[in-house]
Amino acid sequence: MDVGTRITVTSPDQMRDLGRRLAKLLRPGDLVLLTGELGAGKTTLTRGLGEGLGVRGAVTSPTFVIARVHPSLGDGPPLVHVDAYRLNGGLDEMEDLDLDVSLPDSVVAVEWGEGKVEGLAEDRLHVVIQRTVGSDMAVTDTMAADVDDVRDVVVTGVGTRWAAEDLASLAG
C-alpha cells in the first residue's frame with residue numbers, strides 16, 4: 001500500500017469537516033474503508049461524507065442494521081454506509097444484504113471493512129483513524145484543549161482511480 005496523507009484532527013467538528021472535504025473527491029463506484037477502534041470517529045467522518053454528498057437522512061452508526069442507504073437529495077450518488085463489524089462472511093454476507101441500490105452507482109463507506117470487503121473494488125480509499133493520546137505526538141497550544149479528541153488520520157488511495165488524485169488537499 002502506498003504512503004498515505006496524514007491529517008491531525010482535533011475535534012469531532014474537524015472530523016466532520018474532513019468528511020465534507022473528502023466527499024468532494026468521491027464519485028459513484030468509490031469504496032471507502034474506515035478503520036479505527038470503537039469511538040475513533042468513523043461514523044463522525046461518514047456523517048461529514050453524507051453532508052458533503054448532499055444525501056437524505058441522518059447518518060448514524062449502522063451497527064444494528066448493518067447497512068443504510070442514504071439517497072441523494074440532488075444529482076449526486078447515494079451513500080451506502082455499512083458497518084462490517086458483525087460480517088464474518090465478508091463479501092458473501094454483503095451481497096446477502098440485498099441493498100436497494102447499485103453499488104457501482106453509489107459511494108460505499110464501510111466501517112470495520114478492512115480484510116472483509118476489499119473485493120468490492122480494485123480501487124479504494126483506506127481511512128485509518130487512531131487516537132493520539134498516549135503517543136509521542138506533541139500537542140501544541142493551537143490544538144483543542146481536550147486532547148482526548150485528537151486523532152491521527154491517514155488517507156491512502158489504492159489503485160489507478162486514486163493514483164492521480166491529490167489527497168494532500170484534504171489536509172487543508
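# A guided tour of the model

Welcome! The protein has 4 helices and 7 strands, where helices (H or I, at least four residues) and strands (E, at least two) are DSSP runs, numbered from the N terminus. What you have open is a predicted model, in which local features need a pLDDT of at least 70, side-chain atom pairs count only at pLDDT 80 or more, and totals for chains, interfaces and linings use all residues. Residues are numbered from 1 along each chain as its sequence is written, and side-chain values use heavy atoms, with hydrogens and water left out.

**Stop 1: the whole chain.** Colour by secondary structure and follow the chain from the N terminus: the elements run β-α-β-α-β-β-α-β-β-β-α. Of the 172 residues, 46% are buried; buried means under 20% relative accessible area, exposed over 50%, and partly exposed in between (1.4 Å probe, protein chains only). Contact means heavy atoms within 4.5 Å. Among contacts between residues at least 6 apart in sequence, 69% join residues at least 24 apart.

**Stop 2: confidence.** Now colour by pLDDT, the predictor's confidence in each residue, from 0 to 100. The average for the protein is 83, and 80% of the residues score at least 70. Then select residues 135–145, where the pLDDT is below 50; beyond near neighbours in sequence, this stretch has 9 contacts in the model. Where pLDDT is low, the predicted coordinates should not be read in detail.

Stop 3: Select S11, in the loop between β1 (5–9) and α1 (12–23). Is S11 buried or exposed? S11 counts as buried because its relative accessibility is 18%. A polar atom of the S11 side chain lies 3.1 Å from the backbone nitrogen of Q14. This is a polar contact: a pair of N or O atoms within 3.5 Å, where within protein one must be able to donate a hydrogen and the other to accept it, and residues adjacent in sequence count only if both atoms are side-chain atoms.

Move on to Q14 itself, in helix α1. With 37% relative accessibility, Q14 counts as partly exposed. Not counting residues up to four places away in sequence, Q14 touches T8 and V9.

**Stop 4: the largest pocket.** Which residues are closest to the centre of the largest pocket? Select L38, K42, S61, E111 and W112, the closest of the 13 residues that line this pocket. Its volume is about 150 Å³. On a 1 Å grid over the protein atoms alone, a pocket is an open set of points where a 1.4 Å probe fits, with protein on both sides within 12 Å along at least five of seven lines; lining residues have an atom within 4 Å of a point. A volume is the space filled by probe spheres set on the points, which are joined across faces, edges and corners.

Keep W112 selected: W112 sits in the loop between β5 (107–111) and β6 (124–131). W112 is partly exposed, at 26% relative accessibility. Its phi is near 60°, a positive value in a residue other than glycine.

**Stop 5: R124.** Finish at R124 in strand β6, a buried residue with a relative accessible area of 16%. The R124 side chain reaches the backbone oxygen of A121 at 3.1 Å and that of E122 at 3.2 Å. Leaving aside neighbours within four places in sequence, the contacts of R124 include L31, L33 and W162. Last, select D30, which is 94 residues from R124 in sequence and 6.4 Å away in space, C-alpha to C-alpha.
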